Every structure is written in C-alpha cells, then in structure tokens.
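Subject: Structure handover, cavity search

Hello,

Here is the structure for your set.

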Amino acid sequence: MKEYPTEKIRNIAFAGHSDTGKTTLVSLLLFNAGATTRAGSIDDGTTVTDFDEDEIQMKHSVSAATAWAEHEDTKLNLLDTPGYGVFLNEARCAIRVADTVAITVSAVNGPEINTERVWKIANSMETPVAFVATKMDRDRANAESLIAALQEKFGKSVVAAQMPIGAERDFRGVVDLVEMQAWVYETDGSGNYEKVPIPDDLRDQANAWRETLVEKIAESDDSLMERFFEEGTLTQQEIEDGIRREMIARSINPLFFVSPSANIGGHALLEAFVRTFPSPDQLPVRMVREGSLDDKPVALIFKTISDPFSGRISVFRVYSGTLSSDTPYFNSTRDHDERFGKLQIVQGKQQEPVGSLHAGDIGAVAKLKDSHTGDTITGKGAGVILDFVDIPESTISFAIEPKSKGDEDKLSTAISRIIEEDPSIRFRRDEQTHEFLLSGQGQLHVETAVNRLRNRYGVDVILHPPKVPYLETVRAKVNAHGRHKKQSGGHGQFADCKITLEPLPRGSDFEFVDEIFGGSIPRQYIPAVEKGIQEVRTQGYLAGFPVVDFRVRLTDGQFHAVDSSELAFKIAGAMAFKDAMSRAKPTLLEPIMHIEVTSPSEYIGDLMGDLTSRRGRMEGMETEGETQIIRAHIPMAEVLTYGSTLRSITQGRGSFHIEFSHYEEVPKNLQQKIIAEAQAPAHSE
C-alpha cells in the first residue's frame with residue numbers, strides 16, 4: 001500500500017443538516033476518484049459510509065465513517081458524519097481530527113438548524129470551513145439566494161469559488177472561478193464531463209463572480225490589494241494560495257456547487273480539495289493539553305468500532321511523527337503500554353493493511369489492550385496528551401430490560417460495546433426505582449442503540465419510559481408514639497419510643513436527633529430506633545416513594561430489662577414513624593427539569609403552547625439570528641416523550657437539552673392519580 005507524506009494528505013469532514021446529501025456526495029467522490037467501481041445509493045443501501053444495518057434500514061447516517069480516495073497523487077481522507085441533532089457528537093469527533101469541514105447545504109432549503117451547529121463546532125475548534133451546495137438540480141434551487149442566506153447567517157466570509165451553469169433541472173456543471181474554466185457534465189448520471197472555455201453568455205457573470213472572490217482574497221494582504229488595483233486580477237497561483245491561506249485564517253469560506261444524485265460537479269470538487277484546501281502541515285496542531293509534539297509519534301483515537309469478528313477497532317489520526325505496524329507505543333491518557341498490531345486504512349467497513357502512517361494521516365488498529373475514544377497514543381516517554389471533545393450529557397433516559405431472563409449477562413456485555421463506539425450513550429441502574437436506564441441525546445438515539453443490541457448482539461430488550469423518581473415528604477410537625485409489646489412464652493419483646501417529626505427545607509433529606517436524657521432508653525438501643533425509621537421511610541407512606549426532608553427527634557421512651565432488644569426498638573421506631581406520617585400531612589414531590597429548546601423562530605408559538613400544556617413555566621427566551629432558545633422549568637413526568645413531539649412540531653429542525661433542577665410538590669389533583677397507580681399492582685396481586 002502506498003504511503004503519503006503529510007503535504008499530500010487532505011482530511012475533510014462532511015457535516016451539515018440531515019438530508020443534505022453528505023453520504024451520497026462522499027460515495028460520488030469515491031466513485032469519481034476511482035476508489036470504488038460504482039456510485040453507491042442510499043435507497044439501495046450500497047453507499048460506502050452507511051454500511052451499518054440500522055443506517056441501511058433508516059436511510060440516514062447514525063455514526064461517523066471514514067473513507068479515502070486518491071486524486072492527483074494526493075490522499076483524501078473523507079469523514080462522513082450524521083446530520084440529525086441526536087447524533088451530533090459523531091460529527092463533533094470527526095471535526096476534531098479534520099483539517100477542513102465541508103458543510104453541505106441544500107440549495108433548496110438553505111442553512112438550517114444543524115448547519116449552524118456544525119459551524120459553531122468548527123469555529124470552537126478553529127477548523128477551516130467550506131460550504132458545498134447540494135441538490136442544485138432540484139426545483140427552487142437558486143445560487144444567488146443561497147449565497148445571500150449563507151452570508152446573512154455566517155457573514156461575508158462566505159464567497160463562491162465556483163459559479164453554477166444552469167439552474168434546477170438545467171443544472172449541468174460549474175465554472176471554476178480560480179482556473180476560469182467550465183466543467184460541463186452529461187446529464188445522464190454517468191459523471192462524464194468536459195473542461196471547456198467559459199461560454200460567451202456566461203463570461204460577464206463569471207468575471208463578476210471571480211472579481212468578488214479575488215477582492216476577498218486581496219483584502220487581507222496589502223501587496224495583493226495593490227496588484228489587484230493595478231492589474232485588475234491576480235494569478236491563478238495567487239488565488240489558490242490566497243484561498244488556502246484565508247481558509248486557515250478562517251476569513252474565507254469558499255462555496256462550491258454539486259448535484260450528488262445527478263453526479264454533477266464531483267470531479268471539480270475533488271480538484272478544489274487538492275488545489276485549495278489546506279494539508280495537515282499547513283495548520284497548527286491545536287488542543288494540545290500537555291507536552292509538545294517535536295516530531296515524536298503522537299496519535300489521537302477519535303472513534304471506536306466494535307466489530308463482531310475483529311473485536312475493538314480503534315480509528316486514529318496521526319498528529320506527529322510516523323506510526324508503524326507491529327510496534328510498541330504508550331497510552332499517555334491512561335498511562336499504560338500498548339502494542340500496535342497491523343496498521344490499517346479504512347474504507348467504510350473494509351480495512352486494508354499498511355506498513356506505516358505519516359503525520360496527518362488517518363488509520364486504524366485492532367485489539368488494543370485498554371485504549372478508548374479520546375485517548376492519546378505516543379512513543380514511550382513522549383509525555384504528550386491531546387484534548388478531545390466534551391461528551392454531552394444525556395437528555396433522555398428509558399428503562400430497559402431483556403425480553404429473556406437469560407440475556408441479562410449478554411445485555412451488560414453488549415451495552416458496554418455500544419458505549420465503546422458511542423460514549424454519549426449512558427447505562428446505569430437507578431438506585432431508587434431499581435430500573436436499568438439507557439440514556440442518550442434523544443429518543444431516536446436510544447432506539448438506535450436498542451436496534452444495535454438486537455441486530456448486532458442478538459439481545460432483544462423491552463424499552464419503556466422510566467419510572468419518575470417521585471419522593472414523599474411532610475408538611476406538619478407532629479408528636480408520635482411507637483410501642484412494641486409481644487409475649488409468647490419465655491422472653492417477650494418490649495420497646496417504647498416517642499418522637500417528634502418536623503419538616504425540613506428541600507434537599508435536606510433526613511436528620512435524626514437523640515434527645516434522650518435520664519436513661520429512659522439505653523444508649524445501645526437508640527441506633528436501632530433510627531434504623532427502624534430509615535428502613536420504613538425508604539418504603540414510603542403514600543405511594544411507596546422514599547420520604548425525605550424531615551427531622552426526627554427521639555424524645556422519650558421505655559424499656560424492659562429482660563424483654564427489650566435492638567429488634568424490638570427497631571420495630572417501635574418504625575411504628576412511631578408510621579404514626580407520625582398519618583398526621584404529618586404527607587405529600588408527593590416530583591423532579592423538575594430545566595429545559596432548553598432550540599428551534600427556528602416560526603415554530604416558537606406552537607412550542608410555547610405545548611410546553612405550557614405540559615405544566616412548563618417559562619424562564620426566558622433568547623434570539624440567535626433566525627433561531628430562538630426557550631428556557632423553562634418542566635416536570636420530568638411531562639418530558640419523557642418530548643422528543644417525538646418536538647420533531648413533529650419543528651419538522652425535525654428543533655432540539656432540546658434537559659437537566660435536573662429541583663423537587664417541587666405535585667399538584668393535588670395529580671397526586672391522587674399517582675397514588676392510585678402506585679397502589680394498583682399491590683391490589684391486583
């Protein structure tokens with residue numbers, strides 16, 4: 001396998017809103033570059049980068065995938081990422097290792113909510129950005145309108161590097177504004193094209209578009225600006241160098257035009273990648289947490305694939321030096337040795353062995369001992385750790401249980417493998433409800449993990465909304481008495497205790513205060529009283545939920561020299577607590593979540609109405625361009641299935657994030673229903 005020097009590598013992550021043609025475009029580019037023998041199809045399930053069974057069935061990406069092609073003696077590493085918001089962490093990980101982010105935008109719909117999200121991610125990592133307008137052959141596709149919309153959203157740094165030839169169904173190619181040549185394609189989907197002089201009827205328009213591009217390049221360089229004013233243009237080399245330089249400075253975001261479904265524009269895009277996109281050696285290595293590179297072998301694992309046959313496959317980017325097959329290395333993140341076996345390059349689900357990989361390249365290695373996504377691999381003693389992305393907190397949880405009792409052990413193993421691939425999935429056991437909870441970025445995210453459990457690991461599970469972790473508390477101060485007396489021949493059982501129970505502020509949990517004086521209860525029995533109260537309070541009084549936010553003061557009692565015991569005082573303490581609860585005005589508490597809903601402005605009215613109907617209390621609203629963010633407090637019980645409603649209202653363009661805020665008393669009319677539901681199973685047994 002050929003090895004590529006750093007200057008002959010381009011790492012490009014394709015990101016953007018869902019249904020903008022990222023996967024189809026990557027397959028088209030692979031085909032046009034000769035890396036594959038056919039242009040894959042989403043409908044046929046034959047694209048290189050959507051190879052997982054779930055992706056084929058759902059017809060959209062759920063994880064980032066790596067592919068590569070060669071064009072003009074340059075290796076192009078293409079990272080295809082999902083466009084749905086719930087899978088955005090996959091895009092974030094791919095952007096972390098890319099040298100350019102190619103944001104795909106529908107020429108019909110223009111920039112959408114996730115267009116802006118991936119833009120922000122790229123900016124946070126200081127990664128150069130280009131835009132690729134897709135669906136140029138569709139009705140209502142308009143280049144001028146798209147440029148205006150992109151500039152309004154992202155600024156005047158967005159500038160066309162190509163001009164489309166034709167519009168909508170007549171789209172048949174592009175004018176390269178750098179080379180000033182026309183790429184005219186056949187419209188039969190073959191991808192065949194000719195490079196010809198710019199047609200006379202397009203020359204004036206092309207000159208005007210090119211002048212805009214050249215002016216933007218010359219803006220930041222006084223000598224170029226002077227030459228531009230004197231000669232009216234710049235050389236092709238100056239334009240190519242200028243685009244690359246300004247992309248690195250993030251002051252130019254070039255725009256290109258394609259139709260992936262009609263196979264128009266792919267070859268011209270490949271040439272632009274090689275000619276104007278930066279190579280790894282032209283960009284500073286950012287996000288170094290510790291140490292310095294100094295040409296030592298340093299790589300970052302940015303993705304893990306759990307393969308049923310090959311085991312765990314770690315996909316990495318080399319940031320410095322050269323990594324070789326069958327060589328010992330060091331995991332500086334976890335501080336342990338690792339030995340690399342055969343290095344591989346990745347083409348979707350296929351791997352091909354390679355002897356070594358140079359700085360800037362992307363590859364994979366199987367069966368590392370204990371290395372995971374986000375870890376830094378170095379030569380021994382290098383002392384370098386690279387920063388990775390922050391894994392987002394989960395926004396929704398579902399209870400999960402295996403359909404077959406015998407699958408419990410298999411479930412744990414399978415989920416651990418899924419989490420290796422996708423660290424934004426969480427799995428835990430709720431201590432209060434005793435349910436196993438599977439958490440993710442949204443309902444679709446969790447359902448996809450469940451599909452993988454079934455399809456990949458043969459574990460069928462039942463997924464249902466989790467139990468809401470309600471709590472119980474008291475609203476009144478009362479005195480109570482617990483007396484346990486039992487005589488059954490021989491030694492009896494006797495214990496007597498008096499307590500005062502009183503409410504505490506929210507979040508105080510439980511306090512026990514010993515106020516016994518004069519030995520009315522011997523010291524050795526007092527912990528037993530507390531233990532009895534502790535045990536019974538966790539079982540609840542109204543509906544079986546733990547009782548919290550109260551204090552018990554043990555004030556008096558009696559004992560018998562022969563018949564008293566720890567067990568007797570434990571029972572008496574429990575009896576005193578139950579007596580107190582019957583008169584302390586018990587009530588239910590529910591968890592209240594802080595929610596942030598992000599959506600295009602046109603859906604805000606419907607969203608606010610829906611949140612209000614869910615007992616939500618608005619906390620504020622913020623506008624960012626055409627996007628608005630609603631902040632509110634809302635009961636957990638009302639947002640367990642919010643994701644599907646949000647998708648329906650916003651046509652998939654909205655997203656939300658929730659986190660626990662505090663507990664509040666449940667409205668009286670709802671308490672009766674919750675108590676009845678909690679008691680119903682007991683009545684039916």
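This is a predicted model: local features need pLDDT of at least 70, side-chain atom pairs count only at pLDDT 80 or more; totals for chains, interfaces and linings use all residues.

Largest cavity

The space in the largest cavity comes to about 80 Å³. Its lining includes Val62, Ser63, Phe87 and Glu90, together with Ile418, Asp422 and Ile425. His445, Thr448, Ala449 and Arg452 also line the largest cavity. Helix H11, residues 443-457, supplies the largest share of this lining, with 4 residues. By class, the lining of the largest cavity has 5 nonpolar, 3 polar and 3 charged residues.

Second largest cavity

For the second largest cavity, the space is about 70 Å³. Among the residues that line it are Ala64, Asn89, Glu90, Cys93 and Ala94. The lining also takes in Phe302, Lys303 and Thr304, as well as Thr373, Glu421 and Pro423. Two or more residues of this lining come from each of helix H3 (88-97) and strand E13 (298-307). Of the elements, H3 gives the most, with 4 residues. The lining of the second largest cavity divides into 5 nonpolar, 3 polar and 3 charged residues.

Regards

Note on methods
Residues are numbered from 1 along each chain as its sequence is written. Side-chain values use heavy atoms; hydrogens and water are left out. On a 1 Å grid over the protein atoms alone, a cavity is a set of points where a 1.4 Å probe fits but cannot get out, and a pocket is an open set with protein on both sides within 12 Å along at least five of seven lines; lining residues have an atom within 4 Å of a point. Grid points are joined across faces, edges and corners, and a volume is the space filled by probe spheres set on the points. Ala, Val, Leu, Ile, Met, Phe, Trp, Tyr, Cys and Pro count as nonpolar, Asp, Glu, Lys and Arg as charged, and the others, Gly among them, as polar.
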